4 protein chains.
Amino acid sequence: MSTTATEDPTGVWLIGARGSVATTAVAGCAAMTAGLHPPTGMVTETPAFAGAGLPALSSLVFGGHDTMECPLPKRAEHLAAQGVLPHGLPAAVRAELVAADAEIRTGGPLPGDTRTDEELISAFTSEISDFLRRRGLARAVVVNVASTEPAPPSAAAGPAAPPPFEPPPPGRLLPASSLYATAALRAGCPYVNFTPSTGLHHPALAALAARSGLPHAGRDGKTGQTLLRSVLGPMFAQRALDVRAWSGTNLLGGGDGAALADPDAAAAKNAGKERVLADTLGAVPQGEVHIDDVPALGDWKTAWDHIAFDGFLGTRMTLQTTWQGCDSALAAPLVLDLVRLLSRAHAHGLTGPRPELAFYFKDPDPGASAALADQYAALTAFAARLQGRGE
Amino acid sequence: MSTTATEDPTGVWLIGARGSVATTAVAGCAAMTAGLHPPTGMVTETPAFAGAGLPALSSLVFGGHDTMECPLPKRAEHLAAQGVLPHGLPAAVRAELVAADAEIRTGGPLPGDTRTDEELISAFTSEISDFLRRRGLARAVVVNVASTEPAPPSAAAGPAAPPPFEPPPPGRLLPASSLYATAALRAGCPYVNFTPSTGLHHPALAALAARSGLPHAGRDGKTGQTLLRSVLGPMFAQRALDVRAWSGTNLLGGGDGAALADPDAAAAKNAGKERVLADTLGAVPQGEVHIDDVPALGDWKTAWDHIAFDGFLGTRMTLQTTWQGCDSALAAPLVLDLVRLLSRAHAHGLTGPRPELAFYFKDPDPGASAALADQYAALTAFAARLQGRGE
Amino acid sequence: MSTTATEDPTGVWLIGARGSVATTAVAGCAAMTAGLHPPTGMVTETPAFAGAGLPALSSLVFGGHDTMECPLPKRAEHLAAQGVLPHGLPAAVRAELVAADAEIRTGGPLPGDTRTDEELISAFTSEISDFLRRRGLARAVVVNVASTEPAPPSAAAGPAAPPPFEPPPPGRLLPASSLYATAALRAGCPYVNFTPSTGLHHPALAALAARSGLPHAGRDGKTGQTLLRSVLGPMFAQRALDVRAWSGTNLLGGGDGAALADPDAAAAKNAGKERVLADTLGAVPQGEVHIDDVPALGDWKTAWDHIAFDGFLGTRMTLQTTWQGCDSALAAPLVLDLVRLLSRAHAHGLTGPRPELAFYFKDPDPGASAALADQYAALTAFAARLQGRGE
Amino acid sequence: MSTTATEDPTGVWLIGARGSVATTAVAGCAAMTAGLHPPTGMVTETPAFAGAGLPALSSLVFGGHDTMECPLPKRAEHLAAQGVLPHGLPAAVRAELVAADAEIRTGGPLPGDTRTDEELISAFTSEISDFLRRRGLARAVVVNVASTEPAPPSAAAGPAAPPPFEPPPPGRLLPASSLYATAALRAGCPYVNFTPSTGLHHPALAALAARSGLPHAGRDGKTGQTLLRSVLGPMFAQRALDVRAWSGTNLLGGGDGAALADPDAAAAKNAGKERVLADTLGAVPQGEVHIDDVPALGDWKTAWDHIAFDGFLGTRMTLQTTWQGCDSALAAPLVLDLVRLLSRAHAHGLTGPRPELAFYFKDPDPGASAALADQYAALTAFAARLQGRGE
């Protein structure tokens with residue numbers, strides 16, 4: 001398939017390049033290219049995207065930033081031991097893992113790091129630009145797949161608009177995700193925020209994003225509970241059923257479990273989950289969302305939702321869903337999809353936020369429907385639009 | 001809302017007029033008209049249908065056939081005791097229940113009944129025509145909400161086409177649902193088959209349906225498990241996830257539980273459930289569907305679905321859903337919706353099967369998508385089309 | 001059954017006498033006495049208790065304290081409207097509800113109440129003693145079924161023992177539940193704490209309890225999730241399966257939902273739930289317990305538990321349970337059971353904490369097993385012991 | 001632990017020696033002996049069994065019959081690829097798998113096999129006796145872990161007692177499981193039937209079993225849904241809750257899924273499941289049990305139970321359980337437990353059916369309680385009894 005896919009090498013610069021999602025994306029891309037696995041979970045490998053001129057999977061070149069030291073081949077072995085990657089896969093794609101690992105640079109700020117925001121951004125920008133030049137890439141897409149950061153104080157303080165300052169003041173003011181996002185734009189790279197962290201959503205970056213002429217998309221990949229909510233919410237609305245309460249509990253271990261056990265980090269994520277309900281139901285139902293860190297579950301996530309709704313004449317009914325999935329395996333193909341789509345959009349000259357990619361996000365760019373069916377229609381329409389000549 | 005709704009009286013002729021669904025529809029229509037309950041579950045009371053010229057709920061006049069004797073007010077009391085209708089409602093709408101009960105005629109064939117098909121059809125046709133004349137109705141919609149019949153032998157024998165004979169031969173050859181459907185058409189009434197029974201889907205009725213010039217819709221109302229499947233199936237397909245097995249168990253008591261414990265009756269219902277998966281997933285996954293008669297549950301249905309799917313690199317994941325609802329409360333508003341829509345379609349001069357109403361059915365008329373979002377789009381487009389002048 | 005039950009009138013003094021549990025207990029006792037309902041859920045009506053000389057249900061006389069004003073007959077109507085009591089029951093047992101309501105006194109401290117602990121205790125003691133005298137009761141059992149209080153600071157501060165002071169100092173130092181417990185003992189009444197509130201577990205009450213010569217039991221009735229845990233925990237332990245994580249979410253509305261949404265109140269309850277696991281599994285597994293206030297659910301509680309365990313060779317497996325019950329209907333028969341058992345124990349001359357009643361509690365008195373089967377064996381042995389002559 | 005365990009070699013002769021359960025038992029025993037895994041799931045490795053003089057795991061010597069050809073090391077690799085065995089384990093215990101494989105003999109009757117029952121029994125007996133002699137074993141326990149056979153016609157015909165004939169007539173009359181059971185007794189070996197197949201439960205074997213002087217136990221290992229039922233049934237009974245309906249669905253692939261998709265084979269298994277409810281609840285509730293063959297699930301089983309029960313005043317409540325486990329990993333440690341216990345019982349001179357082992361079975365020998373807690377008490381009492389001198 002993808003007969004018209006371009007074979008020009010395309011860069012993928014992963015923020016959090018040694019994490020589970022990144023490792024799974026690199027190993028999985030190699031496995032599909034080698035014909036070891038079918039492209040299950042890759043939306044861009046379905047017929048609707050065949051003529052969109054997306055970069056071939058075999059053309060993707062990986063690198064990135066991380067603050068961890070563990071080499072990718074070792075990380076992949078660790079994931080295989082947990083059942084996240086198929087046994088034997090790390091060995092089968094060892095060469096590709098080693099190659100990607102050689103392109104990973106130390107991120108920041110590290111503990112005790114005294115560099116200013118500007119110094120960090122400059123360092124990151126240079127490293128991304130070096131990657132493009134050294135590997136002879138026409139373009140690279142920068143994707144944030146790092147652990148979720150605590151929500152910034154300004155966001156926690158509520159809707160009051162923080163002061164629209166720019167350029168960033170001296171010293172260290174921006175969260176790390178925004179430092180990387182700035183570097184991506186300075187290096188001329190399309191940017192994807194696959195996490196709920198701030199990234200480009202910082203007011204200090206608004207002007208830079210606007211004048212960059214680069215396409216970008218975000219935020220927070222929609223891989224489980226919110227994916228379900230984006231199809232179940234519209235169902236209740238279309239059937240005129242009255243959802244009274246929608247409660248949810250997420251159990252997960254791994255790095256994400258620990259990060260989201262921090263209430264501040266969870267707050268950002270839960271805001272996205274709630275928004276889907278408000279947008280599709282027309283009102284926010286009762287109910288809370290819990291994210292529990294359960295190390296014993298590793299990368300396997302269980303999400304239970306309980307929906308109490310009223311039907312005809314006020315009859316009380318319920319729906320419960322239990323989703324059991326491997327977070328990295330759900331996220332990695334979406335990351336590859338987004339890289340391909342945003343790379344092609346860039347080649348096509350498209351700029352700014354791309355609500356056409358709302359299909360992939362909990363908290364999509366403004367202008368998108370919250371219903372998955374609408375998002376899918378917008379996505380396939382976008383693929384059709386990309387079929388024209390690029391550049 | 002529905003400011004442009006027509007107040008001309010419109011007939012609703014229910015086959016199975018003393019069953020749970022019919023009783024709930026009659027009582028509920030009266031309750032909404034009296035302002036006792038909001039129109040929860042009524043899709044045609046949402047803004048998208050406001051200008052479609054549908055008959056007002058207060059304009060509906062009920063009657064029907066049944067082989068049971070229990071008067072509607074008593075039946076309603078029984079349902080209230082089970083928690084299917086709100087306590088106090090049977091008393092509050094007693095007048096309307098008595099009025100509808102006065103328009104119920106004895107159906108057939110009863111045990112030991114020696115009438116031929118033709119004699120039965122004639123009797124039913126006369127009774128429907130009398131209802132129209134006596135109540136001064138411009139039109140009535142006939143709706144089959146009777147207990148599911150065993151699938152006819154011809155259907156069980158497989159896809160081999162039965163001989164296209166017509167008119168119906170002497171003696172008794174047609175299932176009861178087809179006798180009523182024939183009577184509906186002869187009396188000039190639009191027809192809805194809300195059950196998996198044969199109804200108009202009998203080859204002997206094809207020519208009559210075609211030349212009747214009447215709109216009709218079916219079959220088998222989509223109220224729970226299949227409703228969920230029609231949104232979850234597309235979700236898996238759009239995300240390129242590989243559904244390996246989709247298993248389901250339905251527990252229900254009430255008349256429907258007993259009827260569907262008959263494997264032949266269940267076969268028709270399950271065929272509809274499986275079709276949704278085949279159509280939305282592109283292949284039939286492994287897995288069975290069970291319908292268990294559990295009298296202790298009464299009219300409350302629990303449907304458990306277990307979906308085993310493969311994600312990226314073959315990672316095995318699952319989704320489970322548990323739907324707990326009251327069957328009659330789920331079905332009744334859809335019956336009222338369909339009456340209003342088909343009545344308006346008739347006034348508009350539309351004829352033949354209406355795949356635009358696939359939103360309501362497990363096994364819709366040919367030409368419809370199996371995805372709920374597509375079906376909802378088709379339904380609202382249909383509502384927009386009905387806004388033009390009728391007649 | 002209970003042919004040997006004593007017909008001497010026995011008092012039941014309910015703290016929180018107008019709450020859901022108390023109202024259900026009063027109405028239910030009357031309904032069983034009148035033969036309107038079988039004694040489902042009443043353990044003391046099973047054959048194992050037939051010869052234990054327990055007071056007959058028809059001999060129970062109800063009264064109590066509450067700070068709410070709503071009369072019991074009205075409260076019962078409200079519960080029937082929510083489906084907690086059967087429709088028609090409030091009318092059928094109206095006389096008994098009115099009689100109990102006449103014996104309810106205003107509790108305290110009310111907002112703005114300036115009475116000292118001692119003044120409150122004296123008032124409560126007088127009201128209980130008056131009840132005994134006025135109704136000619138040989139004895140009354142005082143049962144705390146009031147809303148859960150926040151945990152006292154001393155408990156929150158950890159295991160450090162608070163100073164063993166006695167008598168209670170002037171002013172207001174004791175939580176309300178301990179004021180009532182003190183009054184019970186002063187009035188010579190056996191005492192049951194069916195809630196996680198402090199009650200008799202306050203260090204200031206230890207000496208009084210010891211010298212009172214009265215039997216007492218507590219605390220926190222075991223009605224759902226913890227009941228399940230007390231049979232599932234032993235199962236895993238007996239099978240030598242390694243429970244890694246046990247996570248739980250409780251959704252409930254009603255007064256208890258609101259009270260337990262207070263983290264301090266929930267802390268006391270969750271401590272009991274966790275203790276069951278620690279005691280039966282031999283270690284505290286990973287996992288959290290959430291109690292969410294979901295007003296839309298009213299008195300109906302849904303508890304979801306997710307248990308991740310390792311089997312042979314470390315194979316990872318899971319068990320999930322979903323318990324959907326009506327909290328008051330689960331609690332009320334246990335309250336009646338406890339009254340009968342503690343009344344008989346008192347007649348028998350038994351004193352002090354009764355770990356034989358651990359079957360009923362999340363957090364039983366010291367010396368009891370945490371496994372339900374052991375607790376049931378202890379309970380029936382206790383019943384056998386009560387068969388001898390009393391007093 | 002097990003400091004007093006005997007190190008004399010003890011034989012384990014597995015009927016179905018190349019199946020999943022047998023392979024897991026052999027590999028797991030070697031893994032524990034080598035210290036690669038803790039004895040999770042091994043009840044006989046808990047302190048209660050420390051002094052019972054059971055044969056050490058390191059003393060077990062494996063052999064058996066099977067009609068399949070696939071060597072054990074290859075079978076183990078296959079199980080590891082499915083995630084049933086840990087990756088790396090087949091390589092780590094390859095020597096032990098090869099050794100066991102060398103002791104596997106071809107079972108029967110094979111398709112087209114013309115041997116009479118007597119000829120088959122003689123062949124099997126010789127092979128078991130050879131194993132004992134060749135390996136210098138004081139004793140061997142024969143365990144049936146083969147695929148479930150269809151229920152024999154006599155059992156399907158109902159409780160009418162079949163004619164008590166003996167010895168088995170010429171020709172082929174006995175089911176294969178009974179041929180093996182006869183051979184076990186003739187070879188002087190204690191016998192365990194871990195499946196619902198007939199085994200020793202054939203009337204033709206009654207006299208032989210009685211005069212053999214050998215201990216035996218059965219039948220049908222209790223590994224999931226029935227295990228849960230044996231703790232939940234007593235809970236409902238002890239709380240005097242009225243279970244109205246208990247419905248269950250089992251989804252599983254693997255050989256057992258296919259075997260049990262045969263309604264005759266499933267009938268035997270379901271009879272055991274139902275008996276647990278009848279025995280613990282005192283009545284058979286409504287509800288069915290389904291066993292679906294879902295090949296996509298492999299050896300992983302999902303069992304969903306839905307329990308509808310009435311509480312106080314007839315309030316309707318429900319409990320649902322979802323058990324997700326690996327069938328072989330649940331069964332294998334129980335097989336090793338049974339071998340150790342029955343070997344020691346044999347050394348102790350105990351004979352006949354051992355209801356003390358009911359803890360392990362769906363359908364235990366007469367005289368045992370159906371409640372797991374009682375069964376565990378009986379088991380540990382049995383262990384204490386075994387502490388005396390053997391032989």
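This report walks through some features of the structure above, from whole domains and sheets down to single residues.

It is a predicted model, in which local features need pLDDT of at least 70, side-chain atom pairs count only at pLDDT 80 or more, and totals for chains, interfaces and linings use all residues. Residues are numbered from 1 along each chain as its sequence is written, while chains are lettered from A and ligands numbered from 1 in the order in which they are written.

## Domains and sheet of chain A

Let us start with chain A, which is split into domain 1 (10–221 + 329–385) and domain 2 (225–325). Such bounds come from an automatic or database domain assignment. Taken over C-alpha atoms, the centres of domain 1 of chain A and domain 2 of chain A are 25 Å apart. Their contact takes 19 residues from domain 1 of chain A and 24 residues from domain 2 of chain A; two residues are in contact if their C-beta atoms, placed from the backbone, lie within 7 Å.

Chain A also has an open sheet of 7 strands with parallel pairing, in the order β3-β2-β1-β4-β5-β6-β11. Helices (H or I, at least four residues) and strands (E, at least two) are DSSP runs, numbered from the N terminus. Two strands pair if DSSP finds at least two bridges between them. At the edges of this sheet are β3 (104–106) and β11 (352–353) of chain A, each pairing on one side only. Further in, strand β4 (residues 140–144) and strand β5 (residues 191–193) of chain A are joined in the parallel sense over 3 bridges. Here A:Asn144 has A:Asn193 in β5(A) as its bridge partner. Helix α12 (residues 327–347) of chain A packs on the sheet, and its direction makes about 140° with that of β4(A). For this angle, axes are lines fitted to C-alpha atoms, for helices over the stretch in contact, and angles run from 0 to 180 degrees between N-to-C directions.

## A buried strand in chain B

How many of the 7 residues of strand β2 (residues 60–66) of chain B are buried? The count is 6 of the 7, so β2(B) is largely enclosed by the rest of the structure. A residue is buried if 20 or more other C-beta atoms lie within 10 Å of its own, exposed if 12 or fewer, and partly exposed in between, with C-beta atoms placed from the backbone.

The pairings of β2(B) can be set side by side:

| Partner strand of β2(B) | Sense | Bridges | One bridge pair |
|---|---|---|---|
| β3(B), residues 104–106 | parallel | 3 bridges | B:Asp66 with B:Thr106 |

From β1(B), the chain passes through helix α1 (residues 20–33) of chain B to β2(B), a right-handed β-α-β crossover. Right-handed means that, with the strands pointing away from the viewer, the path from the first strand over the helix to the second runs clockwise.

## Where chains C and D meet

The contact between chains C and D takes 46 residues from chain C and 46 residues from chain D. On the side of chain C that touches chain D, β10(C) gives the largest share, 10 residues. β10(C) also pairs with strand β10 (residues 316–326) of chain D, in the antiparallel sense over 7 bridges. In this pairing, C:Thr318 stands opposite D:Gln324 in β10(D).

Elsewhere in chain C, C:Gly64 sits in strand β2 (residues 60–66). C:Gly64 counts as buried because it has 32 C-beta neighbours inside 10 Å. Beyond its neighbours within four places in sequence, C:Gly64 is in contact with residues including C:Trp13, C:Ile15 and C:Ile104.

## Backbone exceptions

Most residues other than glycine have a negative phi, and most peptide bonds are trans. Chain B has a cis peptide bond between B:Gly108 and B:Pro109, with omega about -5°. B:Pro109 lies in the loop between β3 and α5 (117–134) of chain B. The bond from B:Gly218 to B:Arg219 is cis too, with omega near -15°.

In chain D, D:Asp220 has a positive phi near 75° and lies in the loop between β6 (215–218) and α9 (225–238). D:Asp220 is buried, with 23 other C-beta atoms within 10 Å. D:Leu313 has a positive phi of about 60°, and its place is the loop between β9 (300–310) and β10 of chain D. D:Leu313 is buried as well, with 25 other C-beta atoms within 10 Å.
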